Amino acid sequence: SDLAQTCARRQSPRCPSESPPAMPTMGIHRMAARAANMAAAKLHGYIPAEGGAVDDGRAVSELAEAIRQLMFNRDGSVDTKSEAGNACCTKFLKVLTFVAERLHCEAADRTYRQEFTRNYRILFPDAKRRYRADVLEACMEQLDSFYVNGSQFRIHDETLTQGEALRISFHKLVTLARCWPGERCVGIAIEVEKIRAALRLFDSAWARFENNYIRELIQIEEKARGTIVEAIACEQVLGELEAELGQASVESRQALTRFAGCVAHLNAVANTRRKGRSDLDPEVLDKARKVLAIGPDECDAEHVIARQVVRSFAALREYFRKAQYNLERIDPYLCNNPGLVERLVDWEESWEVGKRYLDSALGRALSKMVGSVKQVRDAEPELAAMCEDCDAELFLVLPRITWLAFLGDPGAHAALIQSILPDAFVDESQEPTEDLQRFVRMYCDLRARLSGFAGGALRPADGQGRGDHAVLGLLAQRAIRGDDRVFGSLGEADRETVRNFMRELEGWSIAAQRRRPDDWNASMAVLLKVLDDRGSPKELAQACDGKFRV
């Protein structure tokens, strides 16, 4: 039978002359289609890599998956600013590089990178593709200008045109990848060739945009660092003139004014930690030098302030001397250079303090106040410990000590108290109001009652009796410790008088802190800085030495 013949034929070997079994028609059609697709792809220059078109298709599938994972903004641009978006974009660019190499896409010429500055040659060390998310972000943002250090810089039209071409090629690649049918599709070679062509177009557009965009960034950075370069040049001229002609010469004075102007402009654009003043003239430095020329006086507040002014200015000059050898390390966004900002902050702060206190009645009053507080601190270990540790309780005690110092010598401290609490004085004069006069009389009455009881708590100053200082010392102890045990055998009536006075003192202390808190904080910050001053002018002037820090 036919069935028996078929079984016999299957069990016996086939003769060479016998025809092979027929292949299904569908298989023939698929093979023919694949052969035709491969021939057409070769005509377009596509030659499958080792492993064949299927492996190339798998690579394209990986690219399509990476594109699907990209995060897009509402305007269709790629999200590179969020952490997740930037990570997806970075992964996409890595996959893109792999697929381009897998499909043997020739990379565009990138020899232009040899002309980049050292900083950019670190980012682009060779002629490989090296796609970066920040370059793609610059292309997608389509910004025609941006601001650096307060100045506007415009992007050239040619760069904007190349950015548009890169965006178009990117979206074309994305569209093709989204329509990718998979590595097992019929006609895969033709589909791969489409991707390959899109990759070549994208890479060529990327190289053109990267070249122009990075060159523009280099030019903008040079202009943005121009203020630093100008300050370096002015400092060099100033140093040469001072060495040759001295600080007092007309030429040196002119050079100092020019340098101070450069520093003031730098401070306005880079000092984001403080006010960023642009009026930092050299007059304060002149006053500081005059104070130091008089001679050292470690107890004088003006002398300490003058040293700090000179030190901060010297540190700033030293920064520019070292910066000339490290220009490429300096961030063109000047506020991002911590070493520069630190010195500008120091100079602005010391300049403001010097402007207010040097060669003025306020400075002399501050010196008197520092002397009074030092005297109490030396006599009272508890206050010394508070100052050393900057204890929170210090800021409750300090206003009380300040008022006690004023009450002990109103004339010497009036200018400082008036700067803190102007409402306690009549108009602009140093004549106290009726309330303040009543407080002074209250202290004088208490001093008279306690003068016989008080011992020698403090050393007497010139022109004042020992009893006055003893009373101030006892009241200072009461202000610091907060109890009446310091008065020992003092009668109850006198103790009640002391309590009434301390309540009045507390009210004035609170008023001094709350009426004008900024002025109070500034004055006490200077007072504490002067109290804590350590080091000779030479040591302070050398504080800026060491390794350069941008």
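Ser252 is buried in this predicted model. Its relative accessible area is 1%, and because buried means under 20%, Ser252 falls in that class. Leaving aside residues up to four places away in sequence, Ser252 touches Leu238, Leu241, Glu242, Leu245, Gly246 and Gln247.

Now the chain as a whole. There are 22 helices and two strands. Of the 550 residues, 46% count as buried. Take the contacts in the chain with a separation of 6 or more: 71% of them are between residues 24 or more positions apart.

Next, the aromatic rings. A pair of such rings is described by the distance of the centres and the angle of the planes. How many aromatic pairs does the structure hold? The count is 19. One of them is formed by Tyr131 and Phe202, and this pair is edge-to-face, with 5.7 Å centre to centre and 65° between the planes. Tyr131 sits in the loop between α5 (118-123) and α6 (133-141), while Phe202 is in helix α8 (residues 188-224). The two are 71 residues apart, and the pair links distant parts of the chain. Both Tyr131 and Phe202 are buried.

Phe202 also pairs with Phe170. Here the rings are tilted, at 6.4 Å centre to centre and 45° between the planes. Phe170 comes from helix α7 (residues 157-178), 32 residues from Phe202 in helix α8, so this pair too links distant parts of the chain. Why does Phe170 count as buried? Because its relative accessibility is 1%. Phe202 counts as buried because its value is 0%.

Elsewhere, ring pairs link Trp403, Phe406, Phe439, Tyr443, Phe501 and Trp508 into a cluster. There is also a charge over a ring: Arg178 lies over the face of Phe72, at 5.2 Å from the ring centre.

Now for how helices pack. Helix α14 (residues 361-379) and helix α17 (residues 410-420) meet at an angle of about 105°, and their axes are 7 Å apart. That angle makes α14 roughly perpendicular to α17. Which residues make the contact? On the α14 side they are Ala361, Leu362, Ala365, Leu366, Lys368, Met369 and Ser372, and on the α17 side Ala412, His413, Ala415, Leu416 and Ser419. By class, the residues of this contact are eight nonpolar, three polar and one charged.

Staying with α17, is this helix mostly covered or mostly uncovered? It is mostly covered, with nine of its 11 residues buried. Those buried residues are Ala412, His413, Ala414, Ala415, Leu416, Ile417, Gln418, Ser419 and Ile420. They pack against α13 (338-357), α14, α16 (394-408), α20 (492-514) and α21 (517-531).

That brings us to α21 and another of its contacts. The axes of helix α12 (residues 301-323) and α21 come within 10 Å and cross at roughly 90°. The two helices are therefore roughly perpendicular to each other. From α12 the contact uses Ala301, Val304, Ile305 and Gln308, and from α21 it uses Val526, Lys529 and Val530. Sorted by class, that gives five nonpolar residues, one polar and one charged.

Methods
Residues numbered from 1 in each chain as written. Predicted model: local features only at pLDDT ≥ 70, side-chain atom pairs only at ≥ 80, totals over all residues. Heavy atoms only, no water. Buried < 20%, exposed > 50% of the residue type's maximum accessible area, 1.4 Å probe, protein only. Contact = heavy atoms within 4.5 Å. Phe/Tyr/Trp six-rings, centres within 6.5 Å; stacked < 30°, edge-to-face > 60°. Helix = DSSP H or I, 4+ residues; strand = E, 2+ residues; numbered from the N terminus. Lys NZ or Arg CZ within 6 Å of the ring centre and 35° of its normal. Axes fitted to C-alpha atoms, helices over the stretch in contact; angles between N-to-C directions. Parallel < 35°, antiparallel > 145°, perpendicular 65-115°, else oblique. Nonpolar A, V, L, I, M, F, W, Y, C, P; charged D, E, K, R; others polar.
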